[in-house]
Amino acid sequence: MSLGKNIRRMRQDKGWNQLQLCERTGIKVGHISKLEQDEGDPKLSTLHKLMDALECSADSLLLDISKMNRDAILKQTLERALKLPEANKAAIIEVVDGYCRACGMEQNFTEGNKTWLTIYMKAPERIPLPEAKEKAE
């Protein structure tokens, strides 16, 4: 994924159009359009404005996903998830935690492992999540 695709993805993550990013960065909308199309080389000051507005690291903005290993992609994905609302974060935690527990249980069912019955009787513990605070009406 190129710089342009990274800018577009992070802008869309925030629900912004190019004009809204323009307003938050002071970069002309035509320049943002060209950057998203990978035309031209941005100045360092332009990159800093984009990082500030998009609240991202230089890695998230500049690294090409097609050349990254899975750990780096996971790190970038989790960085994006940290910006989500609390309810969405809780859902992601549930999914990832459940998947990790399932992978751990799967290892216990490998051929030759006689402890599977004990493991099956006591499921792995879930990550406890704090209760959501009720909104005052």
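**Exercise 1.** Which residues have the most contacts inside the largest nonpolar core?

*Solution.* The model is predicted: local features need pLDDT of at least 70, side-chain atom pairs count only at pLDDT 80 or more, and totals for chains, interfaces and linings use all residues. Residues are numbered from 1 along each chain as its sequence is written, and side-chain values use heavy atoms, with hydrogens and water left out.

Step 1. A nonpolar core is a set of buried Ala, Val, Leu, Ile, Met, Phe, Trp, Tyr and Cys residues joined through side-chain atoms within 4.5 Å; buried means under 20% relative accessible area (1.4 Å probe, protein chains only).

Step 2. The largest such core has 16 residues, and Ile7, Leu21, Leu50, Leu54, Cys56 and Leu61 have the most contacts inside it.

Step 3. At least two residues of this core come from each of H1, helix H2 (18-25), helix H3 (29-36) and helix H4 (44-54); helices are DSSP runs (H or I, at least four residues), numbered from the N terminus. H4 gives the largest share, five residues.

**Exercise 2.** Determine which residues line the second largest pocket.

*Solution.* Step 1. A pocket is an open set of points on a 1 Å grid where a 1.4 Å probe fits, with protein on both sides within 12 Å along at least five of seven lines; lining residues have an atom within 4 Å of a point.

Step 1. Met10, Asp13, Lys14, Leu54, Thr77, Arg80, Ala81, Lys83 and Leu84 form the lining.

Conventions
Buried < 20%, exposed > 50% of the residue type's maximum accessible area, 1.4 Å probe, protein only.
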